[in-house]
Amino acid sequence: MATIATTGDHAREQRNWYKRNEIAATPWLFLIPGVLFFAVYVILPIFQSVWISFHEWDGLGEKTWVGMANYERLLTDDRKFEVSFWNNIRWLFLYLLAIPAGLFIALFLNQTVRGIRIYKSLFFFPFVLSQVVVGLVFSWFYLPREGLLNALLAVVGMGPVNILGNPDLATYGIIAAGLWPQTAYCMILYLTGLNAVNPEQVEAARLDGAKGWNMLWYVILPQLKPATFIAFVVTIIGALRSFDLISVMTNGGPFGSTRVLSFYMFEESLSEFGFRMGYGAAIAVVLFFIMLGFITYFLWSMWRDEKEAR
Amino acid sequence: MFPRPIQQSGPAARLGYQAFLPLALALWHLPLIAVADFSVKPDADFTNGNYWGLPSSFEFVHNYGQVFFNSDMPRYMLNSFLITVPTVIGAIALSAMTGFALGIYKFNGNLLIFFMFIAGNFVPFQILMVPVRDLTVNMNLYDTKTGLVLFHIAFQTGFCTLFMRNFIRQLPFELIEAARVEGVAEWRIFWFVVLPLMRPALAALAVLIFTFIWNDYFWAVVLTQGPDSQPVTAGITAFNSQFRAAYHLMSAGSIVAALPPVLMFFLMQKHFIAGLTLGAVK
């Protein structure tokens, strides 16, 4: 009898502990699986990559410690790295054109005529195509003989140009392909934003004689700030992540002219000439630090908003 | 409304606008129209130099039949589904829980964990590549769908947590307080009070994650290699080398590969756009 009573008490005590601390304990129980997964697959690998970048490693055997040697080689005499880095800068600046282009299309489509909703979704849908398909579509569009682009250029008496075969043009050709879905994305962000613009403010500004550019710049754009912020975040991240298009359209060529850091890293780590994981990791770390500048800014803005909301 | 409604500028302007719309759309989709045209042409059109004109005969059935019955395409498509669907379920399950924990409770480190999820979501894939590949190889999951799914679930949990947490924050907190006063256990509050209210968020995330994962290419080439486990984005390159320079078949293949997310988008448009534009309006 006595023993049964004790075990019963014990169980009750445990239950009581949970009961008493329920509100404090529950969030942690709910967080465990997600945080564990995320830590193992996303957070830890960042530090592991930094660690690997100080080694020479073929991915299978022992790692050899080489200190800063990978970085020294990367930053002092690596032509491919230099080309990739400058291409990344081109991507960053030109990709941002998606934001004004998206705003322009959004303004064009922000009307209420028959069938406009269908037009909005049809303008948007390049965004749901995979970058691989976008890459293929544009590489066929650019074909010197079979491509539609050169057919159109011929009509106005220009061309033919072999965009992807020309080292001076290829990167711009790929960025143009990337701008297609990215502009669609920015467009939908702005359409949503325009939908929520305060009509009373617009009317009041109209009564004061504001129109056209002034209206857009002083009345509308300030109200679109949240949309612009998201467009900026996704476009910057997208520009620095560019990999699929390059891989599909030119595979880094011609003569390595379209490489970017993300592609060059992949090439070094898993190349057909052997795996150079240490060197690849060093490239990834450099790319990570470029991104970190932007990430810090994004997080800082979001943190500020959070603090205000509290 | 800005810009000023076109109706106010008279019927001529409105008609002009409506006539210009299809033109602008055709211009916007020019490369895609060319590919759709390619995909229904007979082989002969390419040898005769009829590249961008109308097809000399309509070969829809033949070309798409080749894709479905004479290539590995159906297998790649199936792989894509077997990778995408479990990822959607896993990421949503994990992030419903993390979102609930971060959205409802106040505790030390709440914002820190939340920002860890957001920050992880922004990192370049390449910084994860070598360790994740290594981990997958060590778990004997290299070149399996499971290996790919596990990584995708983990990575997407970052974005999904951001989404869920912000959505839960907008729910009326009084509901939870009322349930607590009634003595309802916390996990029951999650299951019976919060989860039913999150249906729109779950739907939005499901379509978004479906599209993101279906379209993934980088991780597919890093973690898998053959038709046994590669999804269609990676498989399309093998398909294209099988039909080298047969543009009509390659075009048909790409259109087939792109179709599921396009259908998903048109069927679930409201949820898709709600998910994508979260935070675009304050």
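This is a short tour of a two-chain model, stop by stop, with something to select at each one.

Before you click, note that the model is predicted, so local features are given only at pLDDT of at least 70 and side-chain atom pairs only at pLDDT 80 or more, while totals for chains, interfaces and linings use all residues. Residues are numbered from 1 along each chain as its sequence is written, and chains are lettered from A and ligands numbered from 1 in the order in which they are written.

**Stop 1**

Along the principal axes, the C-alpha atoms of chain A fill a box of roughly 100 × 65 × 35 Å. The radius of gyration of chain A is 27 Å, whereas a compact globule of 310 residues would be near 19 Å (taken over C-alpha atoms, with the globule rule being 2.2 Å times the number of residues to the power 0.38). Of the 310 residues, 42% count as buried. Buried means 20 or more other C-beta atoms within 10 Å of the residue's own, exposed means 12 or fewer, and partly exposed is in between, with C-beta atoms placed from the backbone.

**Stop 2: helix α14 of chain A**

Now select residues 261–269 of chain A, which form helix α14. How many of its residues are buried? The count is 9 of 9, including F263(A), Y264(A) and F266(A). Around them, the packing partners are α4 (79–95), α12 (225–241), α13 (244–249) and α15 (277–309) of chain A, together with α7 (126–138) of chain B.

Next, pick I283(A). Beyond its neighbours within four places in sequence, I283(A) is in contact with L74(A), F81(A), L261(A), Y264(A), M265(A) and E268(A); contact means C-beta atoms, placed from the backbone, within 7 Å. I283(A) is also one of three residues, with M187(A) and Y190(A), that touch the most other members of the largest nonpolar core, which has 167 residues. Such a core is a set of buried Ala, Val, Leu, Ile, Met, Phe, Trp, Tyr and Cys residues joined through C-beta atoms within 7 Å.

**Stop 3**

Move to the loop between α13 and α14 of chain A, where P254(A) sits. The peptide bond from G253(A) to P254(A) is cis, with omega near -10°. N251(A) lies in the loop between α13 and α14 too, and has a positive phi of about 55° although it is not a glycine. N251(A) is partly exposed, with 13 other C-beta atoms within 10 Å.

**Stop 4: the chain A and chain B contact**

Show both chains. The contact takes 82 residues from chain A and 78 from chain B. On the chain A side, helix α2 (residues 22–52) gives the most, with 21 residues. By class, that side has 62 nonpolar, 15 polar and 5 charged residues; Ala, Val, Leu, Ile, Met, Phe, Trp, Tyr, Cys and Pro count as nonpolar, Asp, Glu, Lys and Arg as charged, and the others, Gly among them, as polar.

**Stop 5: chain B**

Colour chain B by domain: domain 1 is 17–58 and domain 2 is 69–276, with bounds from an automatic or database domain assignment. Their C-alpha centres lie 34 Å apart. Each domain gives 7 residues to the contact between them, and α2(B) gives the most on the domain 1 side, with 4 residues.

Finish at N140(B), in the loop between α7 and α8 (145–169) of chain B. N140(B) has a positive phi of about 60° although it is not a glycine, and is exposed, with 10 other C-beta atoms within 10 Å.

Definitions and conventions:
Helices (H or I, at least four residues) and strands (E, at least two) are DSSP runs, numbered from the N terminus. Two residues are in contact if their C-beta atoms, placed from the backbone, lie within 7 Å.
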